[in-house]
Amino acid sequence: MEYYHTQEKRNEKITGPIMCTKDNAWLGNAYYFWEDKSDAIYWGSSSKRKTGKYEIYKAQFAELNVLDTVFNRLEYEFFVKQIEKISIKFIKTTGFKPTLKEINDYLMENNVLSEVDGILFQDISSNPHHYLVRGMQYKKRIQLALYNRNKISTFVSHYEGVCN
Amino acid sequence: MIDLKKIEDKIDILLDKETKASLEEWLLKNRYKNINKLIGKGSFVSLKTEGVQFKSNIAHANYKVSVKESSSVPSNRFAA
C-alpha cells in the first residue's frame with residue numbers, strides 16, 4: 001500500500017518524512033501520511049504555503065503494526081475506550097478535561113504505544129471536492145500517523161504543485 | 001497483529017497508580033514545559049524603563065476644533 005507525505009517545496013528534496021510536532025496534530029508527534037493522493041494535494045495547496053509550492057512524496061512500508069481505527073471495528077472500539085478511559089481519569093481526579101496534546105503526551109511519555117508502529121485514523125475533509133454529494137460526507141479522509149520511521153521501505157518524490 | 005490486551009493492561013496499571021496529586025503535577029509540568037517552549041532558553045532580564053514627559057499648552061492649542069453643524073440625525077439615534 002502506498003501513502004503520501006506532503007511538504008512545502010524546498011531547494012533540495014527530502015530523503016525522508018518530516019515529523020509533525022505541532023500541538024494540534026491529531027495523534028501527537030509523528031510522521032503523517034495521507035492515504036488518498038487528492039487529500040495530499042489539497043493539504044499541500046491549502047496548508048503548505050510557505051514557499052508557494054508544495055511537494056508530495058510517495059512512501060511504502062515494511063510490515064506495519066498499525067492500530068487500525070478506520071477499518072477494524074475491534075481496534076476502533078479499543079481506541080475509543082482507551083482515550084475515554086484516560087480522559088475520564090483526568091476529569092474525575094483533577095477536574096480538568098485534557099487537551100488533545102496532553103492525551104498524546106501522556107500516551108507517549110508513558111510508552112503506552114511503544115509496540116505500535118502507527119495509527120490509522122480518519123477525520124472529516126474540508127476539501128470542497130472531497131465529496132461529490134453536497135452535504136453528504138460519505139467518504140473517509142484517512143491518515144497514517146507513523147511513529148516508527150524504520151518501517152519506511154521506500155520514500156520518493158512523486159508530485160509538485162502550486163499553492164492556491 | 002497488535003496485542004490489544006497488553007496495551008490495555010499497561011494503561012490500566014498506569015491509571016490505577018495515578019492520584020489527584022500525581023495527575024495535577026503532570027498537568028502542571030506539561031503546561032509549564034509548553035510555556036517554556038514558547039519563551040525559549042535563557043534568563044530573564046529586567047527592562048530598563050524610561051519616563052516620557054508630555055507637555056501641553058492649553059493657552060495656545062496646536063489643533064483646531066471643527067464647529068460645523070450637521071443637519072443629519074446623529075448615528076446613535078438609529079438605535080432607538
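Which residues are linked with A:Lys9 in a network of salt bridges? Select A:Lys9, A:Lys13, A:Glu55 and A:Glu160 in the viewer: these four residues make up the network. Please bear in mind throughout that the model is predicted.

**Elsewhere in chain A**

Next, select A:Lys58 and A:Glu2, whose side chains form a salt bridge with an N to O distance of 3.7 Å. This pair ties together distant parts of the chain, 56 residues apart: A:Lys58 lies in strand β3 (residues 53-61) of chain A, whereas A:Glu2 belongs to the segment before β1 (3-8) of chain A. A:Glu2 is partly exposed, because its relative accessibility is 32%.

**The interface of chain A and chain B**

Now display both chains and select the residues in contact: 27 residues of chain A meet 22 residues of chain B. The two chains bury about 2,600 Å² between them, and 61% of that area is on carbon and sulfur atoms. Across this interface there are 13 residue pairs in polar contact, both residues being at pLDDT 80 or more.

To view the chain A side, colour β4 (66-68), α2 (73-94) and α3 (100-109) of chain A, each of which supplies at least two of the residues that touch chain B. Helix α2(A) gives the most, with 11 residues. Colouring by class shows 10 nonpolar, seven polar and 10 charged residues on this side.

**Salt bridges between the chains**

How many salt bridges does the rule find across the interface of chain A and chain B? There are five. One of them is reached by selecting A:Glu102 and B:Arg31, whose closest N and O atoms are 2.6 Å apart.

Then move to B:Asp12 and A:Lys85, where the side chains meet in a salt bridge at 2.6 Å, N to O. The pair runs from helix α1 (residues 4-17) of chain B, which holds B:Asp12, to helix α2 of chain A, which holds A:Lys85. B:Asp12 counts as partly exposed because its relative accessible area is 27%, and A:Lys85 is likewise partly exposed, at 22%.

**Within chain B**

Finally, select B:Glu25 and B:Lys29, which form a salt bridge with their closest N and O atoms 3.2 Å apart. The two residues are separated by about one helical turn, because they stand four residues apart in helix α2 (residues 20-39) of chain B. B:Glu25 is partly exposed at 43% relative accessibility, whereas B:Lys29, with a relative accessible area of 55%, is exposed.

To close the tour, show the salt bridges of all chains together: the structure holds 18.

How values were computed:
Residues numbered from 1 in each chain as written. Chains lettered and ligands numbered in written order. Predicted model: local features only at pLDDT ≥ 70, side-chain atom pairs only at ≥ 80, totals over all residues. Heavy atoms only, no water. Contact = heavy atoms within 4.5 Å. Buried area = accessible area lost by both parts, 1.4 Å probe. Polar contact = N/O pair within 3.5 Å; in protein donor to acceptor, adjacent residues only side chain to side chain. Nonpolar A, V, L, I, M, F, W, Y, C, P; charged D, E, K, R; others polar. Buried < 20%, exposed > 50% of the residue type's maximum accessible area, 1.4 Å probe, protein only.
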